[in-house]
Amino acid sequence: MTAPTGRPRLLLASANQGKLRELRTILHGLPVELVGLTEAGLGDPPEVEETGDTFLENALLKARAYAGWSGLAAVADDSGLEVDALGGAPGVRSARYAGQGAGDQANLDKLLAALAGVPPERRTARFRCAAVLVDPGRAGGSGGLKERSGSPPEEREWHAEAAWEGRVLEAPRGTGGFGYDPVFLPDGWDRTSAEVDQATKDAASHRGKAFRALRPAIERWAEGVRPGGRARAPRTPDPPGDEA
Ligand code: IMP
């Protein structure tokens, strides 16, 4: 579906304001018109249950659901924090660690309580992000980054994943970012991810890396659906992106 600008519309399939802010910055400059869930003009978006066991499964669940609901191609991510001393928790449950609908502060408080008494060297952790693009289906060719070949045959999907290593501090520092940023000290940094500006975070973060790896697929997709754009031709997949 093409906007009056001539650029295809691409749905940002997230209701998380912190994440949306980051995605708009990271995806800036692409030849697409980014549309938020509430800007699609379709009323209230459906709730999507994140029932997957992996970040990738959940990202696909969200992107497929919102692409199907809107008829627009959609990008989504699923992300979270894996803490080694907690056996990988909160992981895919990061957004609802302190309960369904829990806010960032409650999740962060629960994390610090769970890690009470754990020494700095055992507080290793990483953010992970799975980024996906789902085109809900047009007649079309094939090709792209990690394309799925399931049914319906026209539906096309691409994904990329990345991680950001660091450790969890004992007390929050900084007011930037969102979620667990105030307690996340990336490896090699002396500031938390809540103490740096957005560009500095994006350059290193799991989300920045995953979406930069997905970006060529989004560009090719946009070129393929733009009126007068070149026809899609089968092509060999890209080499693996900035994955971890
Ligand atoms: P999602 O919306 O289901 O992907 O949930 C992601 C959750 O993981 C967020 O609500 C945060 O708690 C956490 N998270 C993911 N990425 C970040 C980040 O960049 N900074 C801080 N917390 C994050």
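User: Which residues are buried in H2?
Analyst: In H2, the buried ones are Phe55, Leu56, Asn58, Ala59, Leu60, Lys62, Ala63, Tyr66, Ala67 and Ser70. Buried means that 20 or more other C-beta atoms, placed from the backbone, lie within 10 Å of the residue's own. Helices (H or I, at least four residues) and strands (E, at least two) are DSSP runs, numbered from the N terminus. This is a predicted model: local features need pLDDT of at least 70, side-chain atom pairs count only at pLDDT 80 or more, and totals for chains, interfaces and linings use all residues. Residues are numbered from 1 along each chain as its sequence is written.

User: What covers the buried residues of H2?
Analyst: The cover includes strands E1 (9-12), E3 (73-83), E4 (124-135) and E5 (156-168).

User: And what follows H2?
Analyst: Gly71, with a positive phi near 80°.

User: New topic. What is the strand order in the sheet?
Analyst: The order is E2-E1-E3-E4-E5-E6, in an open sheet of six strands with mixed pairing. Two strands pair if DSSP finds at least two bridges between them. E2 (33-36) and E6 (184-186) are at the edges with a single partner strand each, so one side of each has no neighbour in the sheet.

User: How many bridges join E5 to E6?
Analyst: Three, and the two strands run antiparallel. Gly166 is opposite Pro186 in E6.

User: How much of the whole chain is buried?
Analyst: 38% of the 244 residues of the protein chain count as buried.

Terms used:
Buried ≥ 20, exposed ≤ 12 C-beta atoms within 10 Å, placed from the backbone. Contact = placed C-beta atoms within 7 Å.
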